[in-house]
Amino acid sequence: MKQLAALALVAVLLSGCGYALVGRTSTLPEDIRKIYVEALKNTTRRSQLEQILARAIADEFVTRRRFEVVSNRSVTSVAVQTVPKTQYYWAVDTYIGDPNDPIFGPIFSFLAGNVPPVVDAGDDVLTWLDNGSVEVGLSATVEDSDPTTLLWTVVSQPNDPTSPQAFIADPTALNTTITLSALGEYVLKLEAHDGENPGQPDTLTINIFSDHCEAAKSSSDWTALPGDINLDCVVNQADMDLLLEQWLNCNGLDCPEPVAP
Ligand SMILES: [Ca+2]
Ligand SMILES: [Ca+2]
C-alpha cells in the first residue's frame, strides 16, 4: 500500500469568458473524499463571478455525494489504497500567512503498477499411509485482480526408490490432490503468474507416517495414555497381556525373587 499525503487540488482557470475544470471526477482517485476548492481569480469584468463559480463547483462535488468540501485548513493527510494499473494525481499547496494566497505545489502523477499475485499454498499437512498410499487434498489461495496461471511442483521428497513417484492430479489447479506413497517429508511449491509478474512462490510441507499413532507421536505435546504399555495409542487387551506377563515381577533391591530388567 502506498500512502500519500493527498490533497485534491481543483484548479479552475479563468480566461476571458470561459473556464475549464482540471481534474474531472473520472480521473480523481477513488480514495479522495475531501475536496478543497481554491480561491478563484476573476479576470473578467463581471463582479463576484469567482464566488459564484467557487460555490457552484463546491455544490457540484457535494451533489456527487462522494466528496466532502472542506476549508484548506481542514485538509489532512489520508491513507490511500491504490488500485493497480490506475493513474493518480496529487498536489500539496502551502499556505504561509495569508490564507487566500497559497503557494501552489506541483501536480504529481504516477501510475500504480501491476501487483504480482499473492500465493498461499495452504497449511502444512501431517498424515499417514492407508494401504500403502494416501491422497492429500491441496487447497490454496491466490489473490490477484488479473487472471493467473498456477503450477504445483514437488520440490523434494523422501529418498525411497521403491515407492511410486508423487502424483498431482492437476498441477495447474488451485484445488487439487496429490497421491503419496513414501514415508517422510514432501515439500510442494505453488507458483502463480498474472501474465506480467510472477508472485512469490509458496511452499507446503507434507509429512507422511506409517499410521495415525506415529503421526500423533510426532507432535511435541503428545504423551502416552496411562496403561498404554506398548505405546500404540490405545489401551486394550494387548497392554493387559503385557501387564499380566509382568504381574508380581520385581526388579528392586529387596525383591523376594528378583527379575532382571
Ligand atoms: Ca496482478
Ligand atoms: Ca497400547
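Good morning. I begin with one pairing: strand 9 and strand 13, the latter covering residues 175-180, run antiparallel and are joined over 6 bridges. Strands pair here if DSSP finds at least two bridges between them. Helices (H or I, at least four residues) and strands (E, at least two) are DSSP runs, numbered from the N terminus. Within this pairing, Val136 lies opposite Ile178 of strand 13.

Before I continue, a word on the source. This is a predicted model, in which local features need pLDDT of at least 70 and side-chain atom pairs count only at pLDDT 80 or more, while totals for chains, interfaces and linings use all residues. Residues are numbered from 1 along each chain as its sequence is written, and chains are lettered from A and ligands numbered from 1 in the order in which they are written.

The pairing I opened with belongs to an open sheet of 3 strands, ordered 9-13-12, with antiparallel pairing. Its edges are strand 9 (134-139) and strand 12 (167-168), each of which pairs on one side only.

For context, the chain contains 3 helices and 15 strands. Of its 261 residues, 10% count as buried. A residue is buried if 20 or more other C-beta atoms lie within 10 Å of its own, exposed if 12 or fewer, and partly exposed in between, with C-beta atoms placed from the backbone.

Strand 14 (residues 184-193) pairs with strand 15 (residues 202-209) in the antiparallel sense over 7 bridges. In strand 15, Ile206 is the bridge partner of Tyr186, and Asp202 is that of Leu190. Strand 14 is also joined to strand 11 by 7 bridges, again antiparallel, with Leu151 opposite Glu191 of strand 14.

Which residues have the most contacts inside the largest nonpolar core? They are Val119, Ala121, Leu180, Leu188, Leu190 and Ile206, in a core of 15 residues. A nonpolar core is a set of buried Ala, Val, Leu, Ile, Met, Phe, Trp, Tyr and Cys residues joined through C-beta atoms within 7 Å. Strand 13, strand 14 and strand 15 each give two or more residues to this core, and the largest share, 4 residues, comes from strand 14.

Take Leu188 as an example. Neighbours within four places in sequence aside, Leu188 is in contact with residues including Ala121, Trp152, Ile178 and Ile206. Contact means that the C-beta atoms of two residues, placed from the backbone, lie within 7 Å.

Leaving aside neighbours within four places in sequence, its contacts are Thr148, Thr149 and Pro198. The C-alpha atoms of His193 and Leu151 are separated by 9.0 Å, although these residues are 42 apart along the chain. Thank you.
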